[in-house]
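User: I'm new to this structure and would like to know what stands behind the words used for it. Could you take me through it?

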Amino acid sequence: MRPGETGKRVKGSPSRSGGADEDRIGCLPDGVLHHILGFLPAPDAVRTCLLARRWRHLWKSATGLRISEGYGVEKLHDFVHHLLLLRGGAPLDTFELGSIDLAEGDNRSMNLWFRHALLCQVRVLRLNVFGLELHDLPFVSRHLVKLELRFVILMHSFLDFSSCPVLEHLEIVSSELSDAKRISSQSLKHLNLTHCTFSENVRIPIDVPNLLSLWLQDYRCRTPVFEVMPLLVKAFVSVTGDSGDWLTCTSGNADSEECPHDDCELCYSNTNCMLLQALSQARSLMLVSQNQEFVFKRDMMRCPTFSNLKTLLLIDSFYVAFDLHGITCILRYSPVLEKLTLELFCQESEHILEMKGSYNQTERSSAISEHLKSVVVKCGVIDERVTKVLKFLSTFNIRKITSNTVHCFYISEIFLQVHIYERKQIM
């Protein structure tokens, strides 16, 4: 014992004996235990009622409910119904429905379950149920901050979040939005739409004026129409051959400035119907074209000014969307661009040829941003596509020097070094 210590234990503190009967977790406050139980699958949280008298009702106030398949459909339904009935309206931080195989008649029950979670003031809601059709009822919550939807079917006005004033994160993955009327939120800050299917007939409006980051990846059917996003900081957009715009442009309208769909009223009434126009305030932009040319080519015919753009990444596996005209166009209308990266290679490439450049402050060109500090070009081999890019750069007086391992390109504005890397080192 140290000098001055009495050896007496402070009342309410855990015993130091370390005996087998000591319940250290049980000494924690109720609020802490409610939080811990919220990380357990719901059945495991309920089982803690057998630990001791004090644990008998703690599970009813767990801050999280995580429900997944594991006991058969009928047992799952009985369990969840009793669970929600017994815990009543106790506040929730997180509610998850995940990895559940939807059976006939399950739609109504699962819609009731997550609506109950909204009444419990849930802040994070995750639904991962293949084929779950979310009812077209008003989505109202003054507490919901984050919503994640996977493999669900969204109906009509479900995505109108005007009654969710603090919703900031929305993630929709591999879901059906063909019957959705619009996505609307005044509070949303981050939006992720990945592998979603939109309508084949109309372009879905997306109104998120306070958005900071956008992720739109590999969608199917018609390209959505984004309203003005003046606060946008970062955006990633990947377009594939499954786009409905691409399917229509094969009829011979790829060079037309007008939308090839005669029924698209938004194209004629909304100046922001072009995708690039909606992204024009972004500071960092990543555009990916996978065997698809119409969407980006159409927009670059009316190329907006990217007044805040500092970092730009263009990926074009087949060099059909970002050709010399597209690259020139974007460079011309990006007055404060600092870094440009071009990736022109197929996924099957075994090696990557990478060219890096740095800005020379002593000489400038009015054709590109005076702030441009770095240019990176990645390709599988120096083929005809890459040669066209180099010829484009030759307008800046490129002189090629070759050595055994390094190819150098001198430009009045840019110095490029070419190295060959194994693909795994780059990716």
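Analyst: Gladly! Let's start with two terms: contact means heavy atoms within 4.5 Å, and helices are DSSP runs of H or I of at least four residues, strands runs of E of at least two, numbered from the N terminus. This is a predicted model, in which local features need pLDDT of at least 70, side-chain atom pairs count only at pLDDT 80 or more, and totals for chains, interfaces and linings use all residues. Residues are numbered from 1 along each chain as its sequence is written, and side-chain values use heavy atoms, with hydrogens and water left out.

User: What do the buried residues of α1 pack against?

Analyst: They pack against α2 (42–47). The buried residues of α1, which spans residues 30–37, are L33, H34 and L37.

User: Why are they said to line one face of the helix?

Analyst: Looking down the axis of α1, the buried residues fall within an arc of 105°, so they line one face. The arc is taken from the directions between the helix axis and the C-beta atoms.

User: Why is H77 called buried?

Analyst: Buried means under 20% relative accessible area, exposed over 50%, and partly exposed in between (1.4 Å probe, protein chains only). H77 has 12% relative accessibility, so it counts as buried. H77 is found in helix α3 (residues 73–87).

User: What makes the link between H77 and D106 a polar contact?

Analyst: A polar contact is a pair of N or O atoms within 3.5 Å; within protein, one must be able to donate a hydrogen and the other to accept it, and residues adjacent in sequence count only if both atoms are side-chain atoms. The side chains of H77 and D106 are joined at 2.9 Å. Beyond four places in sequence, H77 is in contact with D106, S109 and W113.

User: Which residues touch the most other members of the largest nonpolar core?

Analyst: F95, F139, L177 and L279 do, in a core of 85 residues. A nonpolar core is a set of buried Ala, Val, Leu, Ile, Met, Phe, Trp, Tyr and Cys residues joined through side-chain atoms within 4.5 Å. Another core, of five residues, lies apart from it, and L33 and W55 are among its members.

User: How confident is the predictor, and where does pLDDT stay under 50?

Analyst: pLDDT is the predictor's confidence in each residue, from 0 to 100. The protein chain has a mean of 77, with 68% of its residues reaching 70 or more. Stretches where pLDDT stays under 50 include residues 246–271 and residues 418–427.
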